[in-house]
Amino acid sequence: MTPPTHAATAPSPHTAAAPVSTQALTLLAGDRVLIDRADLRLDAGQVLSLTGGAGTGKTLLLRALAGLPLPGVTLAGQARTDGRRLLIAQGGRLAPQRPLALQAADVIGHHLGLDASAALRRMADALDRMGVPPAARRFDLPPERLPDSLRWAALFALGIAVGPAVLLADAPAAGLDPTVRLRLLHRLAEWARSSATALILAGRPEDGLDGPADARLCLHEGRVLPTPPIPDPLPAPDHAHHPAGAAVMTAHGLTMSFPMGTGPTGEARRLTAVHSLDLELVDGETLVLLGESGSGKAMLARALLHLPAPSTGRVVWMGRDLTKADDATLRRVRRDVQPLFPDPAGSLDPAMTVGAQLTAVLESLRPDIPADRRPQRVVETLRAVGLPTDTATRWPASLRPLEAARVGLARALMPDPRALVCDEPLATLSAEDRAEFWDDLLTARDRRHLSLILTTERAEEGLRHADRALVLLMGRVVERGSADDLLHHARHPYTQAMLSAARGDRPALEGDPPSALRQPDGCTLRQRCPKARSFCAQAVPTLEPVGPGHAVACHYWDTP
Ligand code: SF4
């Protein structure tokens, strides 16, 4: 939270005139134009989303509006912000180790001249506005010990408590699950409208900031432009297909659990991340595993690869039961089923060139390919994923994120696999890069007749590119069906909430997911679910068919 530095700070939190306006605001770094003649006007109580990719100048523009210094940058044109203004900087900077109560007293006391107890009362009211119940408030804890969602809610509450006329939020709640992020941002937007505060939410196009906003602008090549309409979410036409082949992989009763020491009465505790789950992967299809973080989708993907082997249950690949497989069989399966990991750049060896790493995969998994044919295979595979052949001589540190992702894909394709199990392979990519990488993945699938399993928390994006989907909630499948059915006719409140968040709408779920170690009885969604009734606490819902190939685990899926 940055204290105001403008001279024009009004004592009232509200102003009648437009509290934010710029005319031909231009930011220059030497001769380079960073922001070109931006005209902005934001009325009291209006919420504006300002989106753009990395490096488009969002942060600079917010800092200019906040009146903060911009070293090395020259300003031309006009920028006016009236009344008290606050900037919530990227990452939401609270002192990590200072208890929240002391920080609230400092910030609110600084802005409003209140004593500590009055400041805390004001903070408590603001936490109400952010939907944080009294039982969840931990004023005594430092932010580093708060869950991320509560830390962000506390930061927004601090902003609310100060009562600014203008609140500028740079990448607000970035890193939270979309369902939790959108819930907080919609609450913040509601507060801004009701308190006549001008609110700017700045972030990447894919962050869903347009949903809570009344007005939408984007930054493109230095210009502030109206945000283009969101394209109709139809399946990617080039790759839309619905294979009806045989199952290549099945999982039966798959459970992943881990010892977690002993509880207060000395009892052994276990964390169960995946509960007795069944799965089938059909030849040539794309199956997405959807869920918030902590849903168990990554653990499931790893169990399918036997990295590590499941606690109980079995995985069968092309008729071979992996739980009973000898080393030679497992090695053969590792060649057939290749992983793609979440951080492509981080999963490459920084001390080896790209070519050396791809060659090492061949040496390990395809000893049948003669050494003199390996270089040609490296070149062909790099070309197949859209990389120039000289990428083989580059070091991982020199790769851009999309290039690193493509190298990761090339490495997975080197042994000529039959299936890829991809754990959030697009998580670190920008929206533009993700679109390109989806295209790479689906092209590889179609050309090489691969089956794909892919985990993602981006429900709509995953469903647009997949054939079928499983939705995971705390290690259990709560909905499964064709991607088309789930995209247009999702039945489970959790799936519906993830899709709402992806579209920028306010998700109907309240609160955060419970701890995996203290899951509630019955349905694990019941503390957040708008449809929950008392019976939801009594029995864990099981999957029941609701249409061809479509099943839902919810006691009340058919009630409004
Ligand atoms: S079983 Fe109850 S709590 Fe769970 S999703 Fe259905 S209605 Fe909500």
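Helices (H or I, at least four residues) and strands (E, at least two) are DSSP runs, numbered from the N terminus. This is a predicted model: local features need pLDDT of at least 70, side-chain atom pairs count only at pLDDT 80 or more, and totals for chains, interfaces and linings use all residues. Residues are numbered from 1 along each chain as its sequence is written.

- Ala173 sits in the loop between strand E6 (166-170) and H5, and its phi is near 60°, a positive value in a residue other than glycine.
- Ala173 is buried, with 29 other C-beta atoms within 10 Å; buried takes 20 or more such atoms, exposed 12 or fewer, and partly exposed is in between, with C-beta atoms placed from the backbone.
- Glu221, in the loop between strand E8 (215-220) and strand E9 (223-226), also has a positive phi, near 50°.
- Glu221 counts as exposed, because it has 10 C-beta neighbours inside 10 Å.
- Leu307 and Pro308 are joined by a cis peptide bond, with omega about 5°; look for Pro308 in the loop between helix H6 (297-304) and strand E13 (312-317).

**Helices**
- The axes of helix H4 (residues 148-162) and helix H5 (residues 178-194) come within 11 Å and cross at roughly 10°; axes are lines fitted to C-alpha atoms, for helices over the stretch in contact, and angles run from 0 to 180 degrees between N-to-C directions.
- H4 and H5 are therefore roughly parallel to each other, a label for angles under 35 degrees.
- On the H4 side, Ser149, Trp152, Ala153, Phe156 and Ile160 make the contact, meeting Val180, Leu184, Leu188 and Trp191 of H5; two residues are in contact if their C-beta atoms, placed from the backbone, lie within 7 Å.
- Helix H8 (residues 354-365) buries Val354, Gly355, Gln357, Leu358, Val361 and Leu362, and their cover includes helix H9 (374-384) and helix H10 (401-413).

- Ser49 lies in strand E3 (residues 47-51) and is buried, with 26 other C-beta atoms within 10 Å.
- Ser49 and Leu209 are 160 residues apart in sequence, yet 5.7 Å apart in space, C-alpha to C-alpha.
- Leaving aside neighbours within four places in sequence, Ser49 touches Leu201, Leu209, Asp210, Ala213 and Arg216.

Methods: Parallel < 35°, antiparallel > 145°, perpendicular 65-115°, else oblique.
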